[in-house]
Amino acid sequence: MSPLEKEFIERKSLFLKKNNIYSLIFVLLIFFLDRYSKIKILNNFSNNAFFVNEFINFELIWNTGIGFGLLSSNSPLIYNLVSILIGTVILILLYTALLSEKSEKIIFSIIIGGALGNFYDRLSYNAVPDFIDLHYKSFHWFTFNVADIFITLGIITFLMKGFFIKKSK
């Protein structure tokens with residue numbers, strides 16, 4: 001067996017580890033939960049806002065940037081460069097998740113599931129539908145979606161793990 005064949009078999013067995021399969025299922029669960037929420041909004045609230053209570057509305061906006069509308073641009077070149085960058089980061093996260101320990105796999109899966117949901121929208125609609133509008137009186141937080149919630153939870157959990165949980169040597 002050649003060294004290339006051995007490396008291929010090792011990488012294939014890495015992907016087929018039980019924890020990696022569970023992580024993939026978790027990623028897909030988050031992705032489809034995000035897709036479901038966006039489809040419901042696009043089909044039911046695309047032309048009007050829905051008042052939930054004095055703190056939350058559902059109102060569709062299209063975000064061509066990244067989180068919180070950063071890097072929004074009308075330039076197709078900038079949009080495509082940002083999309084390539086996002087796709088690259090997702091691939092790096094996938095690879096890192098494959099090699100990581102169980103608790104980090106869960107954290108990376110949360111981030112990747114949300115990131116794939118928004119990346120899918122970038123490719124399908126050339127923008128990401130954001131619709132959750134949190135507010136208090138006249139102060140409105142950035143409008144976001146379910147994928148953004150998972151990305152944010154994953155990043156916060158990753159940071160907290162890094163700051164507060166010591167690795168045993």
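This is a predicted model: local features need pLDDT of at least 70, side-chain atom pairs count only at pLDDT 80 or more; totals for chains, interfaces and linings use all residues.
Trainee: What makes the aromatic pair of Phe-31 and Tyr-120 edge-to-face?

Mentor: Happy to walk through that. The ring centres of Phe-31 and Tyr-120 are 5.8 Å apart, and a pair needs centres within 6.5 Å. Their planes stand at 85 degrees; over 60 counts as edge-to-face, so that is the name for this pair.

Trainee: Why does the pair of Phe-31 and Tyr-120 tie together parts that are apart in sequence?

Mentor: Because Phe-31 sits in helix H2 (residues 18-44) and Tyr-120 in helix H4 (residues 102-125), the pair links parts 89 residues apart in sequence.

Trainee: Is Phe-31 buried or exposed, and what about Tyr-120?

Mentor: Phe-31 has 13% relative accessibility, and buried means under 20%, so Phe-31 counts as buried. Tyr-120 has a relative accessible area of 38%; that falls between 20% and 50%, so Tyr-120 is partly exposed.

Trainee: Good. Why is the pair of Phe-55 and Tyr-136 called stacked?

Mentor: The centres of these two rings, Phe-55 and Tyr-136, are 6.0 Å apart, with the planes at 10 degrees. Planes under 30 degrees apart count as stacked, so the pair is stacked.

Trainee: Where do Phe-55 and Tyr-136 lie?

Mentor: Phe-55 is in the loop between strand S1 (50-53) and strand S2 (56-63), and Tyr-136 is in strand S3 (residues 128-136), so the pair ties together parts that are 81 residues apart in sequence.

Notes
Residues are numbered from 1 along each chain as its sequence is written. Side-chain values use heavy atoms; hydrogens and water are left out. Helices (H or I, at least four residues) and strands (E, at least two) are DSSP runs, numbered from the N terminus. Buried means under 20% relative accessible area, exposed over 50%, partly exposed in between (1.4 Å probe, protein chains only).
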